[in-house]
Amino acid sequence: KQWYQRRVAITAGTNNLSSRMNLFRLCGDLSHLVAIIILLLKIWKTRSCAGISGKSQAMFALVFCTRYLDLFFSFISLYNTTMKIIYIACSIGTCYLIFMKFKPTYDSNHDTFRVEFLLGPCVILALVLNHSFTVTEILWTFSIYLEAGAILPQLFMMSKTGEAETITSHYLFMLGMYRGLYILNWVYRYHTESFFDPIAVVAGVVQTVLYIDFFYLYVTKGLLIFNFTSLMQFSAILFYRCCKERY
């Protein structure tokens, strides 16, 4: 299991080559961050969670909380630690907005995906197919499997309502970009570092495939009107307006 030993070395901070950042991973992380910011600002600006699956967001929060337990016992880099804290804080914050602060606007009648059919198989897979039978490794593996299907409640909700707000579509598009860029990151690392983690790669490919139908609708319905720069500008405008109204 050379690839597993290499990943352990990265976590321990003893393999500088493998822990280097590359352009694909950086752009993937930024796409993920932009998606989260878009969603949070959308909820805060509109004071509404309409069209957003609380179940998907709850599962994303569970993904980050189980994956980043190494925050308590290892340090890789300031960037790595900062991004992990941001992901955990933002996911929990999103759940707070959906289930508490703006709960009256949450459309639970359409958010009816049976998450137990997703959580159960992920738990079983994590116990059976893992790199090492330890608590932290099983939880990390569980988070990888769960992230692959965490978006299903959101897609299921959109299929039931038959519509989605434009900003919600941009959020999903940036999530899909994040996964696509991470696949390129894995290809790059395989060729430059001989690094290959079959669990992460297979789960990532499955997750990306789930977005294909949405990407098709996103493009054919003319929603592809913002490039990355315009999405950043849009997020900045929303943030400015929120701050202006608050202060």
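I looked up Arg179 first: at 4% relative accessibility it counts as buried (under 20% relative accessible area; exposed is over 50%, partly exposed in between, with a 1.4 Å probe and protein chains only). The model is predicted, so local features need pLDDT of at least 70 and side-chain atom pairs pLDDT 80 or more, while totals for chains, interfaces and linings use all residues. Residues are numbered from 1 along each chain as its sequence is written, and side-chain values use heavy atoms, without hydrogens and water.

Next I checked the partner of Arg179. Its side chain meets that of Glu147 in a salt bridge, 3.6 Å from N to O (a side-chain nitrogen of Lys or Arg within 4 Å of a carboxyl oxygen of Asp or Glu). Glu147 sits in helix H6 (residues 135–149) and Arg179 in helix H8 (residues 166–193), 32 residues apart (helices are DSSP runs of H or I, at least four residues, numbered from the N terminus). Glu147 is buried too, at 3%. I found Arg67 linked with Glu147 and Arg179 in a network of salt bridges.

I then counted six salt bridges by this rule. Asp70 and Lys84 form one, at 2.7 Å from N to O. Asp70 lies in the loop between H3 (54–67) and H4, and Lys84 in H4, so the pair ties together parts 14 residues apart in sequence. Asp70 is buried at 12%, and Lys84 is buried at 8%.

Last, I looked at Arg114 and Glu116. Their closest N and O atoms are 2.4 Å apart in a salt bridge. Arg114 is partly exposed at 47%; Glu116 is partly exposed at 39%.

Definitions and conventions: Helices (H or I, at least four residues) and strands (E, at least two) are DSSP runs, numbered from the N terminus.
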